[in-house]
Amino acid sequence: MGSKGKLLLAFVVSLCSTVQLEAQLQMGFYSSTCPLAELIVQQEVMKALQSNIGLAPGLVRMHFHDCFVRGCDGSVLINSTDNNQAERDSRANNPSLRGFEVIDSAKTRLEALCPGVVSCADILAFAARDCVSMTGGMTYRVPAGRRDGRTSLATEASANLPPPTFDVDQLTQRFANKGLTQDEMVTLSGAHTIGRSHCTSFSNRLYNFNSTTASDPTLDSTYASQLTQSCPQGSNDPTLVVPMDPSTPYTMDTNYYSNILANKVLFTSDQTLITNSSTAASVRMNAMNRMLWRNKFAAAMVKMGQIEVLTGSDGEIRKVCSVVN
């Protein structure tokens, strides 16, 4: 089979897999049961971002962290109890996740209007979409009908979420475990174009990197020097943060990919994308073509939002997103 034939086959397989995923959920799922559902979520997101734009990357990240652990079932929203440490309090999520109050506000309004109808998992998927749109990304339709899970375990978050130290092969495998391709992995990594990171997530690249060099040689030396000013050696202060993209920290653009090519990204898991010929080609393509990336990102978000979803009579519709019924 020629290269064009292989590409066509890959596209058909991908399309079939997407159709199969989408069959479980529906566009306009709440059109008759709670027609204002998406508008109410959008209003709460807009109100929150007007006072703190930093919540946008927080909510996008929260949706990703929800879907990668037990599927997109809202389990990341559940509080810990005396007998159980939940996902949100795992080392992978705390203190990096934020925006829980936005989901809670939307849920409170929806329960008053349409009690027991709209799931917390769907609210989070809608909110992530709205954050992408409100920070300059492409808006997209979100199929809904997810139901909420009843289990949330911190150990599962650590076992399923890719840490910032992963190399390209580890990332590829972790995303493949969730039914996502390598190109979708590179595409979704572009969410790192907005938001901030705690110094503790990348300080290993700044100090005592190995026996011969203090900082990671794949990190631009001038940029590394700037980062050491913001992240002093030996500090574990959780309040020390730096923007993921210093030039446009709250705009969904393709600077992230340009920064990879310039060796000016924070995480090993970002810089590693240039070490593989296939992922490097995707990085270069995305850096050159913002519209292409925006379209691919929207499609990848829709696909990610359908990982292992609970539908029908599975799970529940939580009355309060942080507590199981």
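Mentor: Start with length. Helix α4 covers residues 100-113, so its 14 residues at 1.5 Å each should span 20 Å. The end C-alpha atoms are 20 Å apart, which agrees. The expected span is 1.5 Å times one less than the number of residues. Helices here are DSSP runs (H or I, at least four residues), numbered from the N terminus.

A word on the source. This is a predicted model: local features need pLDDT of at least 70, side-chain atom pairs count only at pLDDT 80 or more, and totals for chains, interfaces and linings use all residues. Residues are numbered from 1 along each chain as its sequence is written, and side-chain values use heavy atoms, with hydrogens and water left out.

Now the faces. Phe 100, Val 102, Ile 103, Ala 106, Lys 107, Leu 110 and Glu 111 of α4 are buried. Buried means under 20% relative accessible area, exposed over 50%, and partly exposed in between (1.4 Å probe, protein chains only).

What does the buried side pack against? Its partners are α2 (37-51), α3 (55-67) and α5 (120-134). Contact here means heavy atoms within 4.5 Å.

Next, the charged residues. A salt bridge is a side-chain nitrogen of Lys or Arg within 4 Å of a carboxyl oxygen of Asp or Glu. Glu 111 and Lys 107 are four residues apart, about one turn of the helix. Lys 107 counts as buried because its relative accessible area is 2%. Glu 111 is buried too, at 17% relative accessibility.

Arg 109 reaches another helix. Its salt bridge is with Glu 44, and the closest N and O atoms are 2.9 Å apart. Glu 44 lies in α2 and Arg 109 in α4, so the pair ties together parts that are 65 residues apart in sequence. Glu 44 is buried, at 7% relative accessibility. Arg 109 has a relative accessible area of 33%, so this residue counts as partly exposed. Across the whole structure, a search finds 11 salt bridges.

Terms used
Helix = DSSP H or I, 4+ residues; strand = E, 2+ residues; numbered from the N terminus.
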